[in-house]
Amino acid sequence: MVRENLQEVEEKIADACRRAGRDREEVTLIAVSKTKPVAMIEEAVDSGIISFGENKVQEMLEKQKVIDRQLQWHLLGHLQRNKVRQIVGKVTRIHSVDSLRLAKQIQTEYEKKNLVADILIEVNMAREESKFGFMPEETEEAIRQISGCANICVKGLMTVAPFVENPEENRPHFQNLNKLLVDINRKNIDNINMSELSMGMTGDYEVAIEEGATFVRVGTGIFGIRQYLGNCETSSKS
Ligand SMILES: *Cc1c(COP(=O)(O)O)cnc(C)c1O
């Protein structure tokens, strides 16, 4: 099932790139494997996927331990400061930097190991009460503060758009995240030159690609619906 789903997603990504006049290489598909078993991850790897997204540190580390392959792991969910120590050197990107305190903790822990954390700043584009992330107008100042952290590289911006029936409803949020990245880059902040936009999920990744996404995060569309045993979803506050 994973292989067939991936074929379909891949076709849709290619079509969206064509419509937008973009190279397929500009977009990385992250297979969001949270709550899903290792066997399904391996099926995706056999179909050519190397980038996986997880929401929980513990779950990600357990999967890393048993999967004997060189993969890229993206941390997507809200990250608690007391968990940062465990992920140093173990993630390709932290997509969900949503507070200055978290950034400071990342700086502290990565400095201890003399490594640089590649991060994205999470922005709450739709201003949803239930979501984490900086408000759009707070984002530039946050990045100015983080730009002083020698062990952090701000690669770009990320958003979790609202759950909607019609993906067109999220197009303005994707457009605005792209604009925000361009605006902040224009300020010529020292050490800041962002190029990455993590936006778009199963329901709206084609629209996100049309609006400039460089990472799309697709879970359900690849692995099927998730069944939660307890509180697994950490990308929203509820
Ligand atoms: C779960 C999750 C996804 C994937 O969601 P789907 O709708 O299943 O594609 C993407 N991004 C984040 C931050 C998530 O928490």
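Guide: One definition comes before the rest: a patch is made of residues with over 30% relative accessible area and no salt bridge, like charges being joined within 9 Å. Lys and Arg count as positive. This is a predicted model, in which local features need pLDDT of at least 70 and side-chain atom pairs count only at pLDDT 80 or more, while totals for chains, interfaces and linings use all residues. Residues are numbered from 1 along each chain, and side-chain values use heavy atoms, without hydrogens and water.

Visitor: Which residues gather in a patch of positive charge?
Guide: Lys 65, Arg 85, Lys 90 and Lys 113 do so, on the surface.

Visitor: Is Lys 65 buried or exposed?
Guide: Lys 65 is exposed, at 70% relative accessibility (exposed means over 50%, buried under 20%, partly exposed in between, with a 1.4 Å probe and protein chains only).

Visitor: New topic: how many salt bridges are there?
Guide: The whole structure holds 20; a salt bridge is a side-chain nitrogen of Lys or Arg within 4 Å of a carboxyl oxygen of Asp or Glu.

Visitor: What does Arg 171 pair with?
Guide: Arg 171 meets Glu 168 at 2.7 Å, N to O, and Glu 210 with the closest N and O atoms 2.8 Å apart. Arg 171 lies in helix α7 and Glu 210 in helix α8, so this pair ties together parts 39 residues apart in sequence (helices are DSSP runs, H or I, of at least four residues).

Visitor: Which residues do shared partners join into one network?
Guide: The network consists of Arg 19, Glu 168, Arg 171, Glu 206, Glu 210 and Glu 211.

How values were computed. Patch = residues over 30% accessible without salt bridge, like charges linked within 9 Å, V, L, I, M, F, W, Y side chains within 5 Å. Areas by Shrake-Rupley, 256 points an atom, 1.4 Å probe, with all protein chains shown as cover. Charge placed at Lys NZ, Arg CZ, Asp CG, Glu CD. Helix = DSSP H or I, 4+ residues; strand = E, 2+ residues; numbered from the N terminus.
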